[in-house]
Amino acid sequence: MHKYFSVERTQMSTTVFLAGATGAIGRQLVPLLIKAGYRVFGTTRLEERAGHLREVGVEPVVLDVFDSSAVETAFMRIKPEILIHQLTDLPKDLSPEAMVEGKVRNARVWNEGTGNLIRAAKKAGTRRAIAQSLAWLYAPGPVPHREEDLLGVVDPELRIVVEAASSLEHAVLDSPPIQGVVLRYGLLYGPGTSSEEPVGPCVVHVQAAANAAVLAIERGAPGVYNVVDDNTFASNERARRALGWNPAFRRREILSLGQHP
C-alpha cells in the first residue's frame, strides 16, 4: 500500500479540483493532468473561457473565489479528492507600476480566497490540498535555504506578499484531516509568463512547476517543498527526493487556454 494512497485507487477515479485552470501554471497543468488520467474540474472567473476548458477535457467551474457560498456549493457538488490551488491575481508583465495594485489583489486571493477553498474542501471531504507559494522570499540567513527556514524580506514593499504567502501556507498546512502540500516556486519563466528566459537567482520553468503539482498528488508527505531550478539560494533536494521531481522537465505540446483565470 502507498503511504498515503491505496494502490487500488486508479487515477481515472481521482477527481481534481484545479483552482486557476486558465492561469500561467494552470494552462500547463491541464494537459498533464488529462494525460495522467485524472478527472479535472477547473475554475475560471469568466463564462466565455468555459468553452476552452471543455475542449481540452476539463469540466469547467465558473466561480468567484471570494463568494464563499458558491465555493462551498461547487465543492459539495463535485466532492473532489484533490484540490490544487494555483490562483493568483497578478499583472502579466509584473511591471513595478502594475504590481502596486497587483500585490494587493493577489494578497486578497491568497488570504480570503484560500480560506474559502480550504473550508469548502474540508466540508466536502477532500483528502489532499496542493497550493503554490514562493521560494524567493526567504528571510536573510545562511544559504541555500531549506523548507524549514522562515519567509521574510527586508523590503517593506514586499511585506504584503510575504504575509499573504504565510497566510496561505498556514491555511493549507494546518487544516486536518486535509493533507496539505505547499510548493514554494521560484520566479516563473517560460510560456505564458512574464519572461521566456530565467531572470533572477531563484527561478523555475513554468512547465516544471506544473509537473511538481501533478507529482504531489500521489507522492511525498504533507509539508513544504522548494520547487526551483538548481541554484545557490534555495535547495530543491527535498522535492527531488520525495516527489521524484526534476527541474529539467518540459512538456512541448501545451494547450492554449487564454491568459488569466
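By the probe rule used here, one cavity of 30 Å³ or more is found. A cavity is a set of points on a 1 Å grid over the protein atoms alone where a 1.4 Å probe fits but cannot get out. The model is predicted, so local features need pLDDT of at least 70 and side-chain atom pairs count only at pLDDT 80 or more, while totals for chains, interfaces and linings use all residues. Residues are numbered from 1 along each chain as its sequence is written, and side-chain values use heavy atoms, with hydrogens and water left out.

**The cavity**
- The largest cavity has a volume of about 30 Å³, taken as the space filled by probe spheres set on the grid points.
- Its lining residues (an atom within 4 Å of a point) are Leu83, His85, Thr114, Ile118, Ala129, Ile130, Ala131 and Val172.
- Strand 4 (82-85), helix 4 (96-124) and strand 5 (128-134) each give two or more residues to this lining.
- Strand 5 has the largest share, with three residues.
- By class, the lining holds six nonpolar, two polar and no charged residues.

**Leu83**
- Beyond its neighbours within four places in sequence, Leu83 is in contact (heavy atoms within 4.5 Å) with residues including Phe17, Phe75, Ile118 and Ile130.

Notes: 1 Å grid on protein atoms, 1.4 Å probe; cavity = no way out; pocket = protein on both sides within 12 Å on 5 of 7 lines; lining within 4 Å. Helix = DSSP H or I, 4+ residues; strand = E, 2+ residues; numbered from the N terminus. Nonpolar A, V, L, I, M, F, W, Y, C, P; charged D, E, K, R; others polar.
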